[in-house]
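Here is a friendly briefing to read alongside the model. Please keep the sequence and the viewer open while you go through the topics.

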Amino acid sequence: MDDGVAGKESPAAALGKGSVFFYGVGHVLNDITAACWDAATVMLSGQIADGFTTIFAGELIDRFGHFKIWHGAGSILVAVSFSSVFGSCIPCIIFGNVSTSLQTIGYSFFAAVFNVGWAATQVSHMSMVNCITLNSTSRVVMASCRNAFSMVANLSLYAIAFAVFHIHPSKTTTDVENQYRWIAYSSIFVGCCFVVVFQIGTKEPRYLHFKGTNLNFKKLEVYKIHNFFLVCRLKEDSRGHDYQKISWIFWFKKVLYYQVAFVYVFTRLITNVSQSFLAFYVINDLLMAQSSKALIPAMIYICSFIISILLQELTWTSQRLKVLFSVGGVLWVLCGSAIFFMPSNMKNIMYLLSFVIGIANALISVTGVSMQSYLVGEDVKGCAFVYGSLSFLDKVSCGFALWALESYQNTSTALKDCNPICSCFSVSRYGFGLVPAVCALAGVVVTCTMKLEKPRLRPLKVPLLE
């Protein structure tokens, strides 16, 4: 083994906490800007455009590799386009014209650029975990750390907004516009700081280096013996071709692909739809104080962050993955049912439910994403397509769900005439209670039928991307 791989960790060795941390912060810019978008009306067209972009991004990443380059380029597009959408109209400044048509063109263009950059960053970051390590526990731990920093991003946005609103109070429409510009610019600065940390601290998988040679090899066949990998045979390709990318059809023939797709989509529907209707529910349905629409989400994020950190201490198996997802799903079924039927005179129970929701969100988010890693397994040359295609399904389904619910928002029952003892079934109750509960139940059912693949004992081909 002294003549084996020099200065490299075994592909299946557990990662250190430093590597997990550096990876985990890589999606903060996406998360903090996405949280700003969530504050506005969700546009179905934007969701669909973003969904299609993730598929193309996944295909290109699988074909050319270089995860960090895709991540960095996508982050630049996100930062530039986001500052343009929430800042000044750049085309208006360039042409010296503030016409409505030019503003529409400018904002639409940069919104499209944002979707492209966001998709490139998301797919490269999510799929990169499979090529960093083959260790199943480390993959789940990295997903857990990523989810923890998603909560940090959301909490950071609340902190930035709180500071801006108190430091620069608004008196005119121009003041309000300036407030949101400061929030946007501050969010971009915080997110970019985390991007730099990720780029510097995360090592991209590269070719294996051997002692005593200057050769770089792409194809290596190794056998696992206990916790060691023994180099047995170097497979040479006289034509000099790269290791072939896995075809899309390969994934479509796997039952597990469809099962994981359903679970992931249900997970995203639970978190996205519930987040979109939370503020409407606590203010309009439960008649709580205005501060509650910030306090309750903050409690959910903090609880979810703590659980995500605790999950990093576990040793993960496929069975534990399924069990904890089911636990999170059952918790959401209970919370969703309580939310759907809760009368306004029992509104204080919402504070208790926020802790339970935080726990449930962390469990289903971490395990739902980690199931994709189990689906990919050792077939890392097609992993970006898996993440891209499932993100497409996620975005399109969430876009349609939110569009359908919000289209009925103005025609719901007049809540002011509701009896405080008997709840009125508004659109907010359906969006924050019923839809997440039904999706959670469906996700648990699919998870129980799932057979996650165990590590294979056959010769392990490890294609490391340059």
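**Briefing on the predicted model**

Arginine 429 is buried, with a relative accessible area of 1%; buried means under 20% relative accessible area, exposed over 50% and partly exposed in between, using a 1.4 Å probe and protein chains only. This is a predicted model, in which local features need pLDDT of at least 70 and side-chain atom pairs count only at pLDDT 80 or more, while totals for chains, interfaces and linings use all residues. Residues are numbered from 1 along each chain as its sequence is written, and side-chain values use heavy atoms, with hydrogens and water left out.

**The chain overall**

- The protein chain has 15 helices and 5 strands; these are DSSP runs (H or I of at least four residues for helices, E of at least two for strands), numbered from the N terminus.
- Of the 466 residues in the protein chain, 51% are buried.
- About 22100 Å² of the protein chain is accessible surface, and 66% of that belongs to carbon and sulfur atoms; the areas come from the Shrake-Rupley method with a 1.4 Å probe, and for residues only the protein chains shown count as cover.
- Taking contacts between residues at least 6 apart in sequence, 83% join residues at least 24 apart, where a contact means heavy atoms within 4.5 Å.

**Salt bridges**

- The structure contains 2 salt bridges, each defined as a side-chain nitrogen of Lys or Arg within 4 Å of a carboxyl oxygen of Asp or Glu.
- Aspartate 285 and arginine 429 meet through their side chains in a salt bridge, at 3.3 Å from N to O.
- Aspartate 285 belongs to helix H10 and arginine 429 to helix H15 (residues 427–448), so this pair ties together parts that are 144 residues apart in sequence.
- Aspartate 285 counts as buried at 7% relative accessibility, and arginine 429 is buried too, at 1%.
- Arginine 268 forms a salt bridge with aspartate 394, and their closest N and O atoms are 3.5 Å apart.
- Because arginine 268 sits in helix H10 (residues 255–285) and aspartate 394 in helix H14 (residues 383–406), the pair ties together parts that are 126 residues apart in sequence.
- Arginine 268 is partly exposed, with a relative accessible area of 26%, whereas aspartate 394 is buried at 2%.

**Aromatic pairs**

- The count comes to 16 aromatic pairs; rings of Phe, Tyr and Trp (its six-membered ring) pair if their centres lie within 6.5 Å, and planes under 30 degrees apart count as stacked, over 60 as edge-to-face and the rest as tilted.
- Tyrosine 158 and tyrosine 301 have ring centres 6.1 Å apart and planes at 50°, so the pair is tilted.
- Tyrosine 158 lies in helix H7 (residues 136–167) and tyrosine 301 in helix H11 (residues 292–311), so the pair ties together parts that are 143 residues apart in sequence.
- Tyrosine 158 is partly exposed at 31% relative accessibility, while tyrosine 301 is buried at 8%.
- Phenylalanine 165 and tyrosine 180 form an edge-to-face pair, 6.2 Å centre to centre with 70° between the planes.
- That pair links distant parts of the chain, with phenylalanine 165 in helix H7 and tyrosine 180 in helix H8 (residues 173–201), 15 residues apart.
- Phenylalanine 165 counts as partly exposed at 34% relative accessibility, and tyrosine 180 counts as partly exposed at 43%.
- One aromatic cluster is formed by Phe21, Phe22, Phe149 and Phe194.

- Aspartate 62 is located in helix H3 (residues 44–64) and is buried, with a relative accessible area of 3%.
- The aspartate 62 side chain reaches two backbone nitrogens: that of alanine 384 at 3.0 Å and that of phenylalanine 385 at 2.8 Å.
- Asparagine 154 is in helix H7 and is buried at 10% relative accessible area.
- The asparagine 154 side chain reaches the backbone oxygen of serine 150 at 2.7 Å.
- Leaving aside residues up to four places away in sequence, asparagine 154 touches Ala35, Gln275 and Tyr301.

**A nonpolar surface patch**

- Phe341, Phe425, Tyr430, Leu434 and Val438 make a nonpolar surface patch of about 460 Å²; patches are made of residues with over 30% relative accessible area and no salt bridge, with like charges joined within 9 Å and nonpolar side chains (Val, Leu, Ile, Met, Phe, Trp, Tyr) within 5 Å.
- Helix H15 gives the most to the nonpolar patch, with 3 residues.
- Phenylalanine 341 lies in helix H12 (residues 318–341) and is exposed, with a relative accessible area of 52%.

Terms used. Polar contact = N/O pair within 3.5 Å; in protein donor to acceptor, adjacent residues only side chain to side chain.
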